[in-house]
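Hi everyone, thanks for making time this morning. Let me bring the structure up on the screen, and then I'll walk you through a few parts of it.

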Amino acid sequence: MAKAPRKKLSPAPSADPIPRRAEPCIATLVDEPPKGSHWAFEVKWDGYRLGVYVEPCSVKAITRGGYDWTKKFGSIVAQARQLGHDSLILDGEAVVLDDQGRSDFGLLQRALGKRPSLHDSGEIIFYAFDLLYLDGHDLRNLQLSERRRQLELIVGGRTGAIRFSEEVVADGEDFLRAACDLGLEGIIAKRRDKPYRSGRRPEWLKIKCARRDNFVIIGYEPSTAPGAIGQLLLAARKGDGLVYVGGCGTGWSNQESAKLRELLNAIPAERPAVKLKRKGAVFARPLLVADVEYRAWTQDRKLRHPSFKGVREMEGPTEAYEITEES
């Protein structure tokens, strides 16, 4: 009896090689949150973007710019070894949280720095928000919803150095308003149905919180351009006096800059209105307030990314921003 021909076995699918480096997907800045159920929202973390690469014999932490910062993130690397997988790539953000649970870039810089600090590298948390590779499978062509599902199985519920960046189920505008009220940097919106693509992409959006207040102008630093201002020197009220809150060097045209300099030169001060030594600075009496948009406060109570929006005479001290113990 003739034997039936033996069926050829299909070869086992070959594993995808782990990328040497997966270039990150970068969110596009927009003014307003998008609408629609196909958008997922997360907190915008204020830290260092990292890719965590786990292989059988090594773990690396690679920055957005491609630098190997493995030694700087020892606690993250140590916990990545314990996730129970031979190979994976996590995409996320390394942060340090302040006393109110908000990510603070200044605290992170101090924790990574060489200067003495109240914060050390052991306080750095990695919030993972995407999974690009897992045990021989490149996941970048999968939809975000599926990548996130697998990511949550690995890091969901963890409370150590590696944590899951939770999706916030809410209307985008309501979430942005709440995030800004809490003093967060902003929010991120991502298309649930899209694959992962490197570079700046429209399927990932960032919407930032912007604050706007009035600050007393106490002087300026001249620009290298004749007759112009390099930056305004600003102060806020604190108790019965003023405290320096930093300089603002953007937001005006050349014509506005020259006009500002004329205004301030017309009200010179014999001594600065705050304790401040600044070589080359020209101090003015605290009679004008600047309308300033800024992102947040730094840990040492300076304005972060301020931008000039206008100037007017100060009609009363309450027009200027006041620093309190709660602010």
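How much space lies in the second largest pocket? About 530 Å³. Before I go on, a word on what you're looking at: this is a predicted model, where local features need pLDDT of at least 70 and side-chain atom pairs count only at pLDDT 80 or more, while totals for chains, interfaces and linings use all residues. Residues are numbered from 1 along each chain as its sequence is written, and side-chain values use heavy atoms, with hydrogens and water left out.

Back to that pocket. On a 1 Å grid over the protein atoms alone, a pocket is an open set of points with protein on both sides within 12 Å along at least five of seven lines, a cavity is a set where a 1.4 Å probe fits but cannot get out, and lining residues have an atom within 4 Å of a point. Grid points are joined across faces, edges and corners, and a volume is the space filled by probe spheres set on those points. The second largest pocket has 24 lining residues, and Lys 44, Trp 45, Arg 49, Arg 64 and Glu 93 lie nearest its centre. Two or more lining residues come from each of β1, β2, β3 (48-55), β9 and β10; these are DSSP runs numbered from the N terminus, with helices being H or I of at least four residues and strands E of at least two. By type, the lining has ten nonpolar, two polar and twelve charged residues. Here Ala, Val, Leu, Ile, Met, Phe, Trp, Tyr, Cys and Pro count as nonpolar, Asp, Glu, Lys and Arg as charged, and the others, Gly among them, as polar.

Why is α2 (residues 105-112) largely enclosed by the rest of the structure? Because six of its eight residues are buried, meaning under 20% relative accessible area with a 1.4 Å probe, protein chains only. They are Phe 105, Gly 106, Leu 107, Leu 108, Ala 111 and Leu 112, and they pack against β3, β5 (88-95) and β17 (303-304), with contact meaning heavy atoms within 4.5 Å.

Ser 257, in helix α5 (residues 254-265), is buried too, with a relative accessible area of 3%. Leaving aside residues up to four places away in sequence, Ser 257 touches Gly 227, Ala 228, Ile 229 and Trp 252.

Last stop, the inside. How many cavities of 30 Å³ or more does a search of the whole structure find? One. The largest cavity has a volume of about 90 Å³, and β3 gives the most to its lining, with four residues.

Key. Buried means under 20% relative accessible area, exposed over 50%, partly exposed in between (1.4 Å probe, protein chains only).
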